[in-house]
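Keep the structure open beside you as you read.

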Amino acid sequence: MSERKTLQEADFVHGKILPLLLRFAGPVLLALTLQATYGAVDVWVVGQYAATADVSAVATGSQLMFTATVIITGLSMGATVLLAQHQGSRQKQQSREADEFSGHIVGSAICLFALLALSLTLIMELAAEPLSRLMQAPEAAFSRTVSYVRICSGGMLFIIAYNLLGSIFRGLGDSRTPLLAVAIACAGNIAGDLLLVTVFQLGAAGAAIATVASQALSVLCCLWVIRRRGLPFPLEKRHLRFEKKAIRPILRLGLPVAVQDGLVSFSFMAMIAIVNSLGLVASAGVGVAEKLCNFIMLVPSAAMQSLSAFVGQNIGAGRPDRARKAMYSGMLASLVFSLVLAWLSYFHGDLLASIFDKDPQVVQAAWDYLRAYAIDTLLVAFLFCFLGYFNGCGKTGFVLVQGLVGAFLIRIPFSYLMSLREPPSLFLVGLGTPASTVAQISLCLLYMALLRKKEQKALPGRLS
């Protein structure tokens, strides 16, 4: 009987850094692009074939769902980093015990995220209406916002399963399988939006149904790949339990990222609530701008995710200098792309916004907000690479602290104060984001200097 070919983990410990990083980040970038595309398709189709109230409902409702999703993604980072660090150490010495622990990492993560899926589904279904009220969803769009959130919450199992499977693949150094899954999901979502919104005229509810169905499709694709190709280590029924030695490091690494990402997203929810108080046009305009921002932030986001796995392997293999060089390479590559995107956003944001909505007032509102994001586009090329490096090093506690400082001490207070000015300006409200990024970069530089100082103090002891 022929031996079945299994999924192989990538080796980030040897070879030239930039080509390896770009080769891994390429599929991650494409996958994120497709994710942003099928999220943006909702706004585009609704903006072209439904009412402004539906655009507002999708904008507000998707921000609520995004907050739940980033908490899941942050927690899954614990599995990614732990698996990547363990794979780096496995490359030095293969053993049955090492393979067994890899199985426990994945099995424990499955149990943890299954429990999380059930809990979040119940919470979001019950809280859809009060959360929409908290977000100050405009009255004309309120019922549609609640409907959107409830439908998407019903598919929470698929959202969580996709993020968990993606974290496992990335921890193994495989960025192509998540790309394949999201490509299929993107095609399904586009088809679903066109059918449910344009043909059946379901508006925001139709966009929500298409989103859930596409996530389910992506999960089935990932499971098919695992069933067909297998994993580089055994994964059996006995691994599907809460293993303390695996759960603890997953939570230790993932919880700070989840809390940080969740609270940062909450700060953006607060900004949406501030904007919603300015009226339906402002709400729809910022909703369009946020979808565009998902594309604008793609390159630094891909660099952050890729660096977490890349750095994790090198830290596990005892090569911290190589991990730092990878961070600098990621910053350089991100900045090149960010320069172009910042220029487009600041000077041609009206053309970008007009892709999603035909209302000139909504387009102008979106452009005003995009001008502020254009500044942030340049800054996150550095910030996201710092965060990817610290996540890969397991310094997720610091990632939490800097995120909280930026979100709650700067972004929300700044945006709120700007919203009180007369006449209100979405550009000034949006400046809260780059202002917080500047503060976060400053904290990262200080923390990096502190780590280097500790490392230099420890060096003589190691040499002796």
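Buried here means under 20% relative accessible area, with exposed being over 50% and partly exposed in between (1.4 Å probe, protein chains only). Helices (H or I, at least four residues) and strands (E, at least two) are DSSP runs, numbered from the N terminus.

Helix α12 covers residues 360–393 and reaches 47 Å from its first C-alpha to its last, close to the 50 Å expected at 1.5 Å a residue. That expected span is 1.5 Å times one less than the number of residues. Where is the kink in α12 centred? Look at leucine 379, where the bend is about 45 degrees; the bend at a residue is the angle between axes fitted to the seven residues ending there and the seven starting there.

## Three residues to look up

Arginine 371 sits in helix α12. Beyond its neighbours within four places in sequence, arginine 371 is in contact with Tyr346 and Phe427, where contact means heavy atoms within 4.5 Å. The C-alpha atoms of arginine 371 and alanine 25 are separated by 27 Å, and the two are 346 residues apart along the chain.

Alanine 323 belongs to helix α11 (residues 320–354) and is buried, with a relative accessible area of 0%. Setting aside neighbours within four places in sequence, its contacts are Val311, Asn314, Ile315 and Tyr389. Glutamine 440, in helix α15 (residues 432–463), is buried too, at a relative accessible area of 4%. Not counting residues up to four places away in sequence, glutamine 440 touches Leu383, Gln402, Gly403, Gly406 and Arg411.

## A helix pair

Helix α5 (residues 156–171) and helix α6 (residues 176–199) pack at about 150 degrees, with their axes 8 Å apart. Axes are lines fitted to C-alpha atoms, for helices over the stretch in contact, and angles run from 0 to 180 degrees between N-to-C directions. This angle makes α5 roughly antiparallel to α6 (under 35 degrees is roughly parallel, over 145 roughly antiparallel, 65 to 115 roughly perpendicular and the rest oblique).

From α5 the contact uses Tyr162, Gly166 and Phe169, and from α6 Thr177, Pro178, Ala181 and Val182.

## About the model

Residues are numbered from 1 along each chain as its sequence is written, and side-chain values use heavy atoms, leaving out hydrogens and water. Because this is a predicted model, local features need pLDDT of at least 70 and side-chain atom pairs count only at pLDDT 80 or more, while totals for chains, interfaces and linings use all residues.
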